Amino acid sequence: MPDVLKDGLGAWGYRRIVAAFGPGILTETGDIDRARLGQLVFAEAAARRRLNKATHAPVAVELLRQLLGHWLRFRRAVGEAYDFTIYTQLSKTLSKVFFPSNNAALQALSFWGVFFVGYISRPAGAVLFGHLGDTRGRGTCLLISVLVMGIPTVLIGCLPTYHQIGMAAPILLAVLRLVQGLAMGGEFGAAMVYLHEIADARYKAVTGSLGYVSLGVGVVIGILVVVMVISLIPGEALLVWGWRVPFLMSVATLAVAIIMRYNMPESAEFATSREEIEEEYKRRLQQKVKAGSGDNSPARGQSTEAEEQASSIDGRVSIADVESQGLEKHYVPLVELFRGYWSGLILQCGYEAWIGGSFYLGYSWLPSFFVAHAGISTMTSLWMVLTSMVLFTFVVPIAGYLSDKGQPRVTATIAICAIAAAMTVPMFLAFKAGSLAACWLLQAFGLAMTAYTMGILPAICSLIYPAGVRISGFNLGYNLGMTIFGGLTPLAMTAIQTGTGSIFIGPALWMVGMALISIVSSLLLIKCYPLTNQRGSF
């Protein structure tokens, strides 16, 4: 067998591609002909689209029925987005409750620093829950993650304030944010992978986008709750007890989510891949024992029939040999991920640079920025982000649907990032003018572009990895990208403003840099993993 790990496929991925497309897919050296593979995939997708057009079944009704059923099962993602939203949209209040200071800039840095703490633990959560999902099953992973996410949110609503216990208050807040991030690191990516795997082959992109639809719905609900709380509770009462209400309300979705997640069926892709993983790992263990023991096996004439049946591919090392060496069969997805798919992991992180940065710019950082530097009131800024997130929620499934209909996915991301790089500096200069209409429209347009890239992200990044390491790979890549480029963006842009005094141009240049990183990573993704840019579903 050629160096399949160097080729970036993994041994079982290599065998599955050869089984699906035949030996004609191999080059003279035995490697996968990636150009030929891309042509065959595109041809199959085109044939599937022609078949769909030839049938007169009520496709739209069936699609809506499937999407609604999947979304109901994963609507706890709404609660997770709600949990993070109420923290960001109560930034002004929470800064006073947990970080009292006469210096507004220091207060803002402290608040966004604790916000970033929730992202530091995401990669660890991705590894932990990724291992759980790739070894024990998707359902177990999603059930545990929903518990770990929901409980800390309720506990934040019960925390004493800085005036009550001093520095212990922000420390406890940071600890609970760490636990939230741990759960979010495993939950969100695992849910999108599961949706992608169980989806109808014709609707994989739009079904995978439901995770971001839930994100949009959760943000909208969170903002509405914050608006209601700020409107109904006087300022002094808001600082004493009113800020707790949105956090305590999240307990309502937790019990329902546990019921919906209990005994979820596994996806067929994971079940098939798990068998192949066990066979591959068994083969590797047998080769390891063979290498360690030398060629000291008994003669073939002395072997019993049972030993012949238990022998491996080479006919010499049996499972009994493996057990006698004390080598337990324990598959570690993270090891396999770094063995064969480390390049995909890096490219996924870079691909998400502008996507993560622009999302947290538009929905979490700009509202407080508008209040501080554009002369817009807190309530107006909340309505601005609310309407923008409604638009975001509608654009996400449209992007997934168009992707399933044949739009090149990564190419679309490159085009959007190029537009973003060109318009970011003019956009911040428009913010400087303080025009309410300009600020509102530009924020909505920026989040709409972000929504389009997020609508196709699950389909793109799921195709980088085989099912056996998909949750580990997708989760780790997604959370590293969102941590380095997304969660860090509000803190970095605030630090740029504080350190350089550049209120508008400095943050704009940061976002231009994010767009360029995403463009370069997207081009490399097309070259190294051509399936990610396929037309239609596969």
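**Entry 1: Ser522**

I looked up the contacts of Ser522 (heavy atoms within 4.5 Å) and, leaving aside neighbours within four places in sequence, found Tyr351, Val410, Thr413 and Ile414. This is a predicted model, where local features need pLDDT of at least 70 and side-chain atom pairs count only at pLDDT 80 or more, while totals for chains, interfaces and linings use all residues. I also noted that residues are numbered from 1 along each chain as its sequence is written, and that side-chain values use heavy atoms, with hydrogens and water left out.

Ser522 sits in helix H27, residues 505–528; helices here are DSSP runs of H or I with at least four residues, numbered from the N terminus. Is Ser522 buried or exposed? I found it buried, with a relative accessible area of 0% (buried is under 20%, exposed over 50%, partly exposed in between, with a 1.4 Å probe and protein chains only). A polar atom of the Ser522 side chain lies 2.7 Å from the backbone oxygen of Ser518.

**Entry 2: Tyr341**

I went to the loop between helix H20 (333–340) and helix H21 (342–351), where Tyr341 is placed. Tyr341 is buried, at 1% relative accessible area. I checked Val469 too: Tyr341 and Val469 are 128 residues apart in sequence, yet 9.1 Å apart in space, C-alpha to C-alpha.

**Entry 3: helix H23**

I tested the span of H23, residues 378–404. At 1.5 Å a residue its 27 residues should span 39 Å, and the end C-alpha atoms are 40 Å apart, so the two agree (the expected span is 1.5 Å times one less than the number of residues).

**Entry 4: the core**

The largest nonpolar core has 123 residues (such a core is a set of buried Ala, Val, Leu, Ile, Met, Phe, Trp, Tyr and Cys residues joined through side-chain atoms within 4.5 Å). Its largest share, 13 residues, comes from helix H11, residues 168–198. Tyr212, Trp354, Phe428 and Phe431 have the most contacts inside the core. I followed up Phe428: not counting residues up to four places away in sequence, its partners include Leu361, Trp365, Phe369 and Met493.

**Entry 5: confidence**

I read the pLDDT, the predictor's confidence in each residue from 0 to 100. The chain mean is 77, and 72% of residues reach 70 or more.

Methods
Helices (H or I, at least four residues) and strands (E, at least two) are DSSP runs, numbered from the N terminus. A polar contact is a pair of N or O atoms within 3.5 Å; within protein, one must be able to donate a hydrogen and the other to accept it, and residues adjacent in sequence count only if both atoms are side-chain atoms.
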